[in-house]
Amino acid sequence: MNVIRTATRDNAPLIYAIHKASLTILCTTHYSPDILQRWFATKTVEGYYPALDRGEMFMCECRDAIAGFGHAVPGEIEGIFVHPDFAGQGVGASLLDYAVARARLGHSGPIKVVATLNAQSFYEKHGFSPVKQYSISRADFDFPVVEMSGTFL
């Protein structure tokens, strides 16, 4: 059984590790390893502190381990990331259900998520539709993503 709980600053190093593993391993079907390494190079453990301090991030415990995390604010899911060791085991779906509920709080319109290309089918399976594809520009490269939207009552 998956258990979702609010993440704290103490969890920041683990969130960083899950984020890096998820991005650099699970995204290789749609992005080159070089792009993934360069995209993650600007991330720091401390970079998660503001969202953690605001109570916007949450974690999924599965079989006595932290298997993934999510980040949601009213109207938007900022991200869902699953450790590769737990991919395909319902962790992402548990995190997404929780994220949608959090995104609904204080928001009555569609919920937005900007997804990696490899995650598009996951979000479509759970009721999101693609709106547009574009690239997030970093210092020396572009990172293609897809903006998606879903209406959940």
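Predicted model: local features only at pLDDT ≥ 70, side-chain atom pairs only at ≥ 80, totals over all residues.

Me: What makes Glu 61 and Arg 5 a salt bridge?

Reply: The closest N and O atoms of Glu 61 and Arg 5 are 2.5 Å apart. The cut-off is within 4 Å, so the pair counts as a salt bridge. This pair links distant parts of the chain: Glu 61 lies in strand 2 (residues 57–62) and Arg 5 in strand 1 (residues 3–6), 56 residues apart.

Me: Why are Glu 61 and Arg 5 called partly exposed?

Reply: Glu 61 has a relative accessible area of 27%, and Arg 5 has 29%. Buried means under 20% and exposed over 50%, so values in between are called partly exposed.

Me: How do you know that Arg 38 and Asp 34 form a salt bridge, and how far apart are they in helix 2?

Reply: Their N to O distance is 2.7 Å, and the limit is 4 Å, so the pair qualifies. Arg 38 and Asp 34 are four residues apart in helix 2 (residues 33–40), which means about one helical turn separates them. Both count as partly exposed, Arg 38 at 28% and Asp 34 at 43%. The two also belong to a network of salt bridges that links Asp 34, Arg 38 and Asp 140.

Me: What makes Arg 54 exposed or buried, and what about Glu 56?

Reply: Arg 54 has 53% relative accessibility, so with the line drawn at over 50% this residue is exposed. Glu 56 has 13%, so under the 20% limit this residue is buried. The side chains of Arg 54 and Glu 56 meet in a salt bridge, at 2.8 Å from N to O.

Me: How many salt bridges does the rule give?

Reply: The count comes to five salt bridges.

Me: Why does Arg 104 have no salt bridge?

Reply: The nearest side chain of opposite charge, Glu 76, is 12 Å away. Leaving aside residues up to four places away in sequence, Arg 104 touches Gly 109, Ile 111 and Phe 152.

Me: What makes strand 3 largely enclosed?

Reply: Eight of the nine residues of strand 3 (residues 65–73) are buried, so the rest of the structure largely encloses this strand.

Me: How do you know that strand 2 and strand 3 pair?

Reply: DSSP must find at least two bridges between two strands, and strand 2 and strand 3 have six, so they pair; the sense is antiparallel. Cys 62 stands opposite Ala 65 in strand 3. The hairpin of strand 2 and strand 3 has two residues between the strands, and there Arg 63 takes a positive phi near 50 degrees.

Me: What joins strand 3 to strand 4?

Reply: Six bridges join strand 3 to strand 4 (residues 76–82), and the two run antiparallel. Val 73 has Glu 76 in strand 4 as its bridge partner. Strand 3 and strand 4 also form a hairpin with two residues between them, and Gly 75 in the turn has a positive phi of about 85 degrees.

Me: Which strands are called edge strands?

Reply: The open sheet has seven strands in the order 1-2-3-4-5-7-6, with mixed pairing. Strand 1 and strand 6 (129–137) are the edge strands, as each pairs on one side only. From one strand to the next the twist averages 25 degrees. Strand 1 pairs with strand 2 in the antiparallel sense over four bridges, and Ile 4 stands opposite Cys 60 in strand 2.

Me: How do you know that the buried residues of helix 2 are on the same side?

Reply: The buried residues in helix 2 are Ile 35, Leu 36, Trp 39 and Phe 40. They cover an arc of only 125 degrees around the axis, so they lie on the same side of helix 2. What covers them includes helix 1 and strand 7.

Me: Where does helix 1 lie?

Reply: Helix 1 (residues 12–26) lies across strand 2, strand 3, strand 4, strand 5 (111–116) and strand 7 (142–150), and runs at about 90 degrees to strand 3.

Notes. Residues numbered from 1 in each chain as written. Heavy atoms only, no water. Buried < 20%, exposed > 50% of the residue type's maximum accessible area, 1.4 Å probe, protein only. Lys, Arg positive; Asp, Glu negative; His and termini not counted. Contact = heavy atoms within 4.5 Å. Axes fitted to C-alpha atoms, helices over the stretch in contact; angles between N-to-C directions. Arc of directions from axis to C-beta.
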